[in-house]
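User: Could you take a close look at one part of this model for me, the salt bridges and what lies around them? I would like the cut-offs spelled out as you go.

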Amino acid sequence: MNGHQPLRSSCTLKTRSNKSKAAAISLRASGDGGRIPAEMKQKKKTANGFWSKASFMNWSMDDAVGLFRFHPMPCVFAVSLLFFMGVEYTLRMVPSSSPPFDLGFVATEWLHRILASSPDLNTLLAGLNTVFVGMQTTYIIWTWMVEGRPRATISALFMFTCRGILGYSTQLPVPQGFLGSGVDFPVGNVSFFLFFSGHVAGSVIASLDMRRMKRWGMAWTFDVLNILQGVRLLGTRGHYTIDLAVGIGAGVLFDSLAGKYEEGKRRAAASTANGNADVFT
């Protein structure tokens, strides 16, 4: 047995040597000498670098806990997203032959019954609401014509232009049970755009300007009157809930855009003044 061991070792070494030679021949035939191509190295390096720079790769358990601790509102919105996804994808849609479902109408059904049975009360509230619209209009024009601050006026012009475009583009049907009044704004039972509420948006624009000027009492008064106005508009079926909600957002949006417009004009004027100063110097 011992005499045959060198022979076996010799055969094994020869076999391994033959395999190594075959592998070397194969690599030489491929032309890369056994090396990984530079393109593959670069792609691998780029991929590793991309994922290593990804933000979530550096997150820890403390970061996850801190997310709920320091940013509760986005977390609530994330839960709301999942909730309303479930509602949206399982809700039976309103058929085309039925009137729109409006939660605000459901909540103010009691007020609608009272106003429908008392036309004089409906007329009184409509007249008071028209007075409030006049207060908004007067304040917004006053800030420009008397105080020399055009931001609220520019905001209102932006808002009503957008409202006209959207209101004409999608003309919503008059809600069932609409309780009109000849003294409601616009006065005279004329037609009007439902989407979105200029009553609400104008009040928000005026309130935001009051807050900038630290007229806190006036601002809170306008906010309360705006809420009462919204309840009345739902009770009379003068607007859908979405009209009022978008009216609030429109007031904030166009006030911000008017501020950016003013800032852009100031920068342009300052740049022009600096350019003229450079010319004369």
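**The salt bridges and their surroundings**

Arg-149 and Asp-209 form a salt bridge, with 2.8 Å between the closest N and O atoms. A salt bridge here is a side-chain nitrogen of Lys or Arg within 4 Å of a carboxyl oxygen of Asp or Glu. This pair links distant parts of the chain, 60 residues apart: Arg-149 sits in the loop between α7 and α8, and Asp-209 in helix α9. Helices are DSSP runs (H or I, at least four residues) and strands likewise (E, at least two), numbered from the N terminus. Both Arg-149 and Asp-209 are buried; buried means under 20% relative accessible area, exposed over 50%, and partly exposed in between (1.4 Å probe, protein chains only).

Before going further, a word on the source: this is a predicted model, in which local features need pLDDT of at least 70 and side-chain atom pairs count only at pLDDT 80 or more, while totals for chains, interfaces and linings use all residues. Residues are numbered from 1 along each chain as its sequence is written, and side-chain values use heavy atoms, with hydrogens and water left out.

Glu-147 makes a salt bridge with Arg-215, at 2.7 Å from N to O. Glu-147 lies in the loop between α7 and α8 and Arg-215 in the loop between α9 and α10, so this pair ties together parts that are 68 residues apart in sequence. Glu-147 counts as partly exposed because its relative accessibility is 28%, and Arg-215 is partly exposed too, at 23%. Through shared partners, salt bridges join Glu-147, Arg-149, Arg-151, Asp-209, Arg-212, Arg-215 and Asp-255 into one network.

Arg-266 is partly exposed, with 49% relative accessible area, and Glu-263 is partly exposed at 31%. The count of salt bridges comes to 11.

Helix α7 has 27 residues and reaches 38 Å from its first C-alpha to its last, close to the 39 Å expected, where the expected span is 1.5 Å times one less than the number of residues. Its buried residues include Asn-122, Phe-132, Gln-136 and Ile-140, and their cover includes α6, α8, α9 and α10. Helix α8, residues 151-169, has 19 residues and should span 27 Å, which agrees with the 27 Å between its end C-alpha atoms. Among the buried residues of α8 are Ile-154, Met-159 and Arg-163.

Ile-140 and Met-159 also belong to the largest nonpolar core, which has 16 residues. Such a core is a set of buried Ala, Val, Leu, Ile, Met, Phe, Trp, Tyr and Cys residues joined through side-chain atoms within 4.5 Å. The elements giving two or more residues to this core are α7, α8, α9, α10 and α11, and α9 gives the most, with 4 residues. Leaving aside neighbours within four places in sequence, Ala-250 is in contact (heavy atoms within 4.5 Å) with Met-159, Phe-196 and Ala-201.

As for the whole, the protein chain has 11 helices and 0 strands, and buried residues make up 26% of its 281 residues.
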